[in-house]
Amino acid sequence: ETRKFTTLLQMLTSVNHPIFVTGGTGTGKSMIVQKFIQDQRQNERVSIMPIVMNFSAQTSAASTLQDIDSKITKKGGKVYGAQGNAQTLIFIDDVNMPQVGDGAQPPIELLRQIIDTRNFYELSKFERKELERFTFVCAAAPPSGGRSAITPRFMRHFQIANMPEATEETLTHIFESILGGFFQHKRFSENIKKSTAVQATIDMYLQVQKTMLPIPAKFHY
């Protein structure tokens, strides 16, 4: 799954096509995108300038605009972007968290305007700034627990990729590998190495997941 979604990210961002990664909490959406950005920056054949933002209920359109505007540089005339021939990759995590006001989420409407028109207006001088060589990567869990549904006006621009929930078998394999390596490194006894701590923890996690459902006031996981 990691390889598949990394390949999708590579293919779509290479042609400046926005991608929206969704899936339940804890499926690894943010981790895969962040690892992809890290690998791209270390790739000598690729030149990118990442702008990483985490949206919350308090995120405003003004703060979103400032985050983007502070990272780009003037290329000539009214054209802005990353230095040299680099691509600006804007990654927004939890993009559906901003509060809804008057039927819309202002930060998302700003992003939609940038994708629609490839420009935005700098607020202090009302100067129009055109963006070149940029793309968006967004990640969000489905609506619930403080997360809102995003307008189709924004979503229509994106290729949507859904990260599946990890199976019990996958969770067991991952955490037994981590714990096994730790036990081996610290030279624990065989009795401890054969403990069922991982399986007991996963069983408890799955039981909590079924019985303690999230609500807007407590969107725990």
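Leaving aside neighbours within four places in sequence, which residues is Leu 65 in contact with? I looked this up before anything else.

**Entry: ground rules**

I note that this is a predicted model, in which local features need pLDDT of at least 70 and side-chain atom pairs count only at pLDDT 80 or more, while totals for chains, interfaces and linings use all residues. Residues are numbered from 1 along each chain as its sequence is written, and side-chain values use heavy atoms, with hydrogens and water left out.

**Entry: Leu 65**

I found Leu 65 in contact with Leu 110, Phe 120, Tyr 121 and Leu 123, once its neighbours within four places in sequence are set aside. Contact here means heavy atoms within 4.5 Å. Leu 65 belongs to helix α3, residues 61-69. Helices are DSSP runs of H or I with at least four residues, strands are runs of E with at least two, and both are numbered from the N terminus. I read a relative accessibility of 7% for Leu 65, so Leu 65 counts as buried. The cut-offs are under 20% relative accessible area for buried, over 50% for exposed, and partly exposed in between, with a 1.4 Å probe and protein chains only. I also checked Lys 125, which is 60 residues away from Leu 65 along the chain; the C-alpha atoms of the two are separated by 14 Å.

**Entry: the whole protein**

I counted eight helices and nine strands. The C-alpha trace spans about 70 × 45 × 25 Å along its principal axes. The protein has 221 residues, and 38% of them count as buried. Of the contacts between residues at least 6 apart in sequence, 70% join residues at least 24 apart. Accessible areas come from the Shrake-Rupley method with a 1.4 Å probe, and for residues only the protein chains shown count as cover.

I then listed the charges: 25 positive and 20 negative side chains, with the centres of the two sets 4 Å apart. Lys and Arg count as positive and Asp and Glu as negative, while His and the chain ends are not counted. The place of a charge is taken as NZ of Lys, CZ of Arg, CG of Asp or CD of Glu.

**Entry: Asn 96**

Is Asn 96 buried or exposed? Asn 96 is buried, since its relative accessible area is 2%. I located Asn 96 in the loop between β5 (87-93) and α4. Leaving aside neighbours within four places in sequence, its contacts include Gln 105, Ile 108, Pro 142, Pro 143 and Arg 147.

**Entry: positive phi**

Asn 16 has a positive phi of about 60 degrees and sits in the loop between α1 (2-13) and β1 (19-23). Asn 16 is partly exposed, with a relative accessible area of 29%. Arg 118 also has a positive phi of about 60 degrees. Its place is in the loop between α4 (106-117) and β6 (119-122), and Arg 118 is partly exposed at a relative accessible area of 40%.

**Entry: salt bridges**

How many salt bridges does a search of the whole structure find? The search finds nine. A salt bridge is a side-chain nitrogen of Lys or Arg within 4 Å of a carboxyl oxygen of Asp or Glu.

I looked at Arg 153 and Glu 109, whose side chains meet at 3.2 Å, N to O. Arg 153 lies in helix α5 (residues 152-155) and Glu 109 in helix α4, so the pair ties together parts that are 44 residues apart in sequence. Arg 153 is partly exposed at 41% relative accessibility, whereas Glu 109 is buried at a relative accessible area of 17%. Both belong to a network of salt bridges that links Glu 109, Arg 112, Asp 116, Arg 153 and Arg 156.

Arg 128 and Glu 130 form another salt bridge, at 2.7 Å, N to O. Arg 128 is partly exposed with a relative accessible area of 25%, and Glu 130 is partly exposed with 28%.

**Entry: a nonpolar patch**

Ile 174, Phe 175 and Ile 178 make a nonpolar surface patch of about 280 Å². Patches are made of residues with over 30% relative accessible area and no salt bridge; like charges are joined within 9 Å, and nonpolar side chains (Val, Leu, Ile, Met, Phe, Trp, Tyr) within 5 Å. I found Phe 175 in helix α6, residues 168-186, and at 41% relative accessibility Phe 175 counts as partly exposed.
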